[in-house]
Every structure is written in structure tokens, then in C-alpha cells.
Amino acid sequence: MRGTDETSGSLFSYVDLEERIPPQHPLRKIRQVVNDALASLDAEFEALYTDFGRPSIPPERLIRASLLQILFSVRSERQLMEQMDYNLMFRWFVGLGIDDPVWVPTVFTKNRDRLLTTEMSRKVMAAILAHREIAPLLSDEHFSVDGTLVKAWASMKSFQPKADAAPPYDEGPGDPPSPNATLEPTPSETDPMPRNTKPHRNAEVDFKGEKRSNATHASTTDPDARLYKKSPGTGAMLCFMGHTLMENRNGLVVQGDLTLADGHAERKAALDMIHRHCPGSTRRLTLGADKGYDAAGFVSDLRKACVTPHVAQKSRYSAIDGRTTRHEGYAVSQKHRKKIEEPFGWAKTVGGMTQTMYRGVERVRSRFILTMAANNLARLPRLLGA
């Protein structure tokens, strides 16, 4: 018998949001881990807010919504709020009831900028890794490090020469004219209206033959972006440099950082991350890396920090000698270190880090670290067998 295509509206719904999510859905395990991690940060959240004033967005819900945006590749906060209005799974994950109103996108963005700083993103990642089900998956001896370029939200046309200092007799908008200044004639009412000579906002620009460098030029859109290329044969672009420290047992990211792009940023960030993750460690650790880290100063600093440098050797003038390469563990580290490209690939294809939509190194850094924490969460259902 053919059914009838009739829509009957209902005034009430008796099905709970919890019952609408399939029991084996991977978000169930992710939500459990995130809720436990945020519960351990309750004291940190309490210290950030005052006891008076209008209530803000709960920090737990704000972080869940931000993680959800990364996990499902939602390109903007406005689209996130739109989907949260009708997507029951999004409401369930964040903690909103079926009748609760969603937030205004501008309010959500301002609350996010105040809460999700670099320090808070690192605390969220650390709380997730310290979870009772995740901590046994981590190696505390063997690590790998690498860096990648994150394209800035700025075009090459915004890379303009740096402004020179103002002339000594340059008047401000409210200053009296200087003695030598010439007054412009006042247009009369019969003069024709002047034409707008402002150039087109997307005019054609020819950079051929022009020498541009970070010393003489800066982006007017994002002054923190740097013109840089990581490998020969590729074009330079305005970008930042993201760094990750990965443990070698299951390939989970344990530390993240983002810096200005330059030739020494990778090695400096690697030392900072290994010291931040294992402060004052007296145990012998290993750190795998590619040939870009094969520098005498970097290798020496690792050995002083009780870290064995399992760095790929350059064909000439390598700082890695036989006392490191003769051990079997060196070949194992060189094999496992290549897994670090997987978090970078996930962050750029799913997490929106191919080109960041945030400006300023602080905002991009906090987002990059949170994206790496979301990458760990995306792998949990399979690792835990959920």
C-alpha cells in the first residue's frame, strides 16, 4: 500500500536528544573525553570570570562549539551558528537543549577571542592528553618534530613598502597650520564636483622587477605575516610557521606552536616544545626530525638537554655522527617521524589550516594548537576501539 505524502505538525516532541544519536557514533567517545577534560579545567575557568555582570557564554560550551567547527570543517562562526540552530547532533554535542536559542555570531566570536588564548588552548590539549584513557596511549620517551607553513589571511597585493616616518612639520587633524604652510583655495559652489581618484580596490599590480623583502615591506592586512618559502623551487607566500611535537607510539600531537616564518623558527620552536613537554627531564629522550634540523647548534642543545638527536643526516657537513646512527633506534625513529605529516595534512584538509582566516600571530597560534587537539580527538574512536 502506498503511503501518503502528508505533513502533520506536532506541538511537542517526546524524544530526547541523547536518544537521537546512534550508540556507536564516534562523537560519543569524543564528547565523553572532552567533557572529562573540561571538568578538570573548572578551576581555570572560574579564575577567568568575575562574580558580577551579565552571564557570558559558558566556556565549556564555547570550547565544544569551537572543536565542533574544526571537526566538521565549518568555515565560519556565522555558518556554525546557523547549523547549530537546526542540527540536532551539533546541539547535543555542545550541550544546548532543543529549544535553547543559539548565540549571535558576533557575540560568540568576541567571547571566543577572550577565552581561547594560546595558554588556554595549550591547557585544553594537555587536559585531553591527561585523560585516563588517553595517557596510556602516549610514549614518554620517543618524539618527533616538524614544521609546516600556514598561509596568512593576506594577499600579495597587501605586501607594501613600510611607511616612512612623518615629516617634522606634518600637522595632525586638529593642529594649527605651520607658518610655511600654503592654504588650499576653498571651492566655490559653482565649481564642478571633484572626481573620485581613489584607485580600484582590486586593481592590477605588476611586481616584475621589484625587489621585496620582509626588511623593507610589510602586509597592510596582517603585519605579522612574513614572506617566506620553505623549499627551493616553490613560490614565496605570506605565511606563518606551525610546529608540532608528536609522540612516536600512536602519533598523537603532544605540543603545538606557531611562530613568525623564518629560517631558524623550526629549530627554536623544537627546543621550546621539548622543554615545555618534559621540563628538567633527566631521562634519555629521543627526538626524530628531518634534514632541516641537522645543524650543529641544534644538535648540541639537544644533547645538553639529555635528548638524543635522531635527525636525518645531510649529505655534507652533517652534525649527526656514528655514535647516533649506529643504534637500531635511530632507524626506528626515522621511520616513525614521517607520521607527523598526517596531523599537518588533517589540519589543512579538515581543520581549515591551509589558509587561516584569523589575523595576528597570537590568534593564529591559539587556533593552530586547538586544531591539533581536535586532530587527536578525531583519532580517538579508532584508537580506543569505540
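## Notes on the predicted model

1. Helix α4 (residues 59-71) packs against α7 at an angle of about 100°, and their axes are 11 Å apart. That angle makes α4 roughly perpendicular to α7. On the α4 side the contact uses Pro59, Leu62, Ile63, Ala65 and Ser66, and on the α7 side Phe108, Asn111, Arg112 and Leu115. By class, this contact of α4 with α7 has six nonpolar residues, two polar and one charged.

2. Ser73 sits in the loop between α4 and α5, and Ser73 has a positive phi of about 55° despite not being a glycine.

3. The largest pocket brings us back to α7. The pocket holds about 300 Å³ of space, and its lining is made of Leu48, Tyr49, Arg54, Pro55, Ser56, Ile57, Leu62, Trp103, Val107, Asn111, Arg114 and Leu115. Which helix gives the largest share of that lining? Helix α7 (residues 105-115) does, with four residues. Sorted by class, the pocket lining has eight nonpolar, two polar and two charged residues. If you have the model open, note that Leu62, Asn111 and Leu115 are among the pocket-lining residues and also take part in the contact of α4 with α7.

4. The structure has one cavity of 30 Å³ or more, and the volume of the largest cavity is about 30 Å³. Thr148, Val150, Phe344, Ala347, Lys348, Met353, Phe368 and Met372 form its lining. Two or more lining residues come from each of β1 (142-151), α13 (341-349) and α14 (361-383), and α13 has the largest share, with three. By class, the cavity lining has six nonpolar residues, one polar and one charged.

5. What is the angle between α13 and α14 where they pack? It is about 110°, and the two axes lie 10 Å apart. This makes α13 roughly perpendicular to α14. From α13 the contact takes in Pro343, Phe344, Trp346 and Ala347, and from α14 Phe368, Thr371, Met372, Ala374, Asn375 and Ala378. The contact of α13 with α14 has eight nonpolar and two polar residues, and no charged ones. Phe344, Ala347, Phe368 and Met372 are among its members, and these four residues line the largest cavity too.

6. His131 lies in the loop between α8 (118-129) and β1. Its relative accessible area is 5%, so His131 counts as buried. Leaving aside residues up to four places away in sequence, His131 touches Val33 and Asp36. Cys306 belongs to the loop between α10 (296-304) and β8. Cys306 has a positive phi of about 65° although it is not a glycine, and Cys306 is buried, with a relative accessible area of 18%.

7. With a relative accessible area of 28%, Ser318 is partly exposed. Which residues does Ser318 touch, not counting those up to four places away in sequence? They are Asp294 and Gln313. Asp294 is 24 residues from Ser318 along the chain, while their C-alpha atoms are 6.3 Å apart.

8. Finally, the overall picture. The protein chain has 14 helices and eight strands. Of its 386 residues, 41% are buried. Among contacts between residues at least 6 apart in sequence, 68% link residues at least 24 apart.

Notes: Residues are numbered from 1 along each chain as its sequence is written. This is a predicted model: local features need pLDDT of at least 70, side-chain atom pairs count only at pLDDT 80 or more; totals for chains, interfaces and linings use all residues. Side-chain values use heavy atoms; hydrogens and water are left out. On a 1 Å grid over the protein atoms alone, a cavity is a set of points where a 1.4 Å probe fits but cannot get out, and a pocket is an open set with protein on both sides within 12 Å along at least five of seven lines; lining residues have an atom within 4 Å of a point. Grid points are joined across faces, edges and corners, and a volume is the space filled by probe spheres set on the points. Ala, Val, Leu, Ile, Met, Phe, Trp, Tyr, Cys and Pro count as nonpolar, Asp, Glu, Lys and Arg as charged, and the others, Gly among them, as polar. Axes are lines fitted to C-alpha atoms, for helices over the stretch in contact, and angles run from 0 to 180 degrees between N-to-C directions. Angles under 35 degrees count as roughly parallel, over 145 as roughly antiparallel, 65 to 115 as roughly perpendicular and the rest as oblique. Contact means heavy atoms within 4.5 Å. Buried means under 20% relative accessible area, exposed over 50%, partly exposed in between (1.4 Å probe, protein chains only).
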